[in-house]
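Here are my notes for you to read next to the picture. Take them one point at a time, and keep the viewer open while you do.

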Amino acid sequence: SSMKEEYPSGSIKNRVSPGRRYFYRQSISEARLEFCQMDSAQRIVEACLLTAIGTLGITCGFSSLTQPGTPETKLASRGLDAGSKKRIEENIKAFSLGYFPLLQPTAVRLFRVDICLISEDPEKEEILHKAGIRVLIGWKRGKDSSGFIGLGTKIISDTYADDEINFLLNL
């Protein structure tokens, strides 16, 4: 008899697929080329979100960028209702302290990135969980530039595989 593996909703599943990895590498390569040719932060934020959503088949998400010398955070979203988008926008700076307090660049590594799975604990992660966000990626470059990519469930599976997580960390 075969044993069926079960993974909790929003968990990371270890799945190896050379074809899939190649597709992810190509997507990252094309996205980086596209990002280099963009002239506005808002376009980069939108392209990053669309690349993640399109490549992984994700139902909703947001992407943000905060740059030095600019008072506002650039935010793009897809598949989120207006209330969820507003709550995320109002709390974007708190996410850095709440989810990634140790994410600080060093002299050796000016760019740092980390990932957090959003639990179903309503007290701890109410804003993101209610919006349908299941994975949050935070990044920081230097002292001032930072951003997030928050992604919801996938169309095919609630489980994010290791190669999908690696894709997101490299995007």
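This is a predicted model: local features need pLDDT of at least 70, side-chain atom pairs count only at pLDDT 80 or more; totals for chains, interfaces and linings use all residues.

1. Now follow helix 3 along. Where is its kink centred? Look at Ile 92: the helix bends there by about 60°. As for which residues of helix 3 are buried, they are Ser 84, Ile 88, Ile 92, Phe 95 and Tyr 99.

2. Next, the largest nonpolar core, which has 25 residues. The members that touch the most others are Phe 35, Leu 56, Leu 151, Tyr 160, Phe 167, Leu 168 and Leu 171. Two or more residues each come from helix 1 (18-36), helix 2 (41-56), strand 5 (135-141), strand 6 (145-151) and helix 5 (162-170). Helix 2 is the top contributor, giving eight residues. In soluble globular proteins, nonpolar side chains tend to be buried together.

3. That isn't the whole story, though. There is a second, separate core, made of 17 residues, and Leu 80, Ile 88, Ile 92 and Phe 95 are among them.

4. Back to Phe 167 for a moment. What does Phe 167 contact, once you skip its neighbours within four places in sequence? The list is Tyr 24, Ser 27, Ile 28, Thr 51, Ala 52, Thr 55 and Leu 56.

5. Beyond neighbours within four places in sequence, Thr 55 is in contact with Phe 23, Tyr 24, Ser 27 and Phe 167.

6. Time for the rings. The structure has seven aromatic pairs. Take Phe 95 and Phe 148: their ring centres are 6.0 Å apart and their planes meet at 85°, so this pair is edge-to-face. Phe 95 is in helix 3 (residues 82-99) while Phe 148 is in strand 6, so the pair ties together parts 53 residues apart in sequence. Both Phe 95 and Phe 148 are buried.

7. Compare that with Tyr 99 and Phe 100. Their ring centres are 6.5 Å apart with the planes at 50°, so we call the pair tilted. Tyr 99 and Phe 100 are both buried too. Ring pairs join Phe 62, Phe 95, Tyr 99, Phe 100 and Phe 148 into a cluster.

8. One more ring to find: Tyr 160. Lys 154 lies over its face, 5.6 Å from the ring centre.

9. Last stop, the loop between strand 5 and strand 6, which is where you'll find Asp 144. Asp 144 is partly exposed, with a relative accessible area of 46%. Leaving out neighbours within four places in sequence, Asp 144 is in contact with Thr 66 and Pro 68.

Conventions
Residues are numbered from 1 along each chain as its sequence is written. Side-chain values use heavy atoms; hydrogens and water are left out. A nonpolar core is a set of buried Ala, Val, Leu, Ile, Met, Phe, Trp, Tyr and Cys residues joined through side-chain atoms within 4.5 Å. Buried means under 20% relative accessible area, exposed over 50%, partly exposed in between (1.4 Å probe, protein chains only). Helices (H or I, at least four residues) and strands (E, at least two) are DSSP runs, numbered from the N terminus. Contact means heavy atoms within 4.5 Å. Rings of Phe, Tyr and Trp (its six-membered ring) pair if their centres lie within 6.5 Å; planes under 30 degrees apart count as stacked, over 60 as edge-to-face and the rest as tilted. A charge sits over a ring if NZ of Lys or CZ of Arg is within 6 Å of the ring centre and within 35 degrees of the ring normal. The bend at a residue is the angle between axes fitted to the seven residues ending there and the seven starting there.
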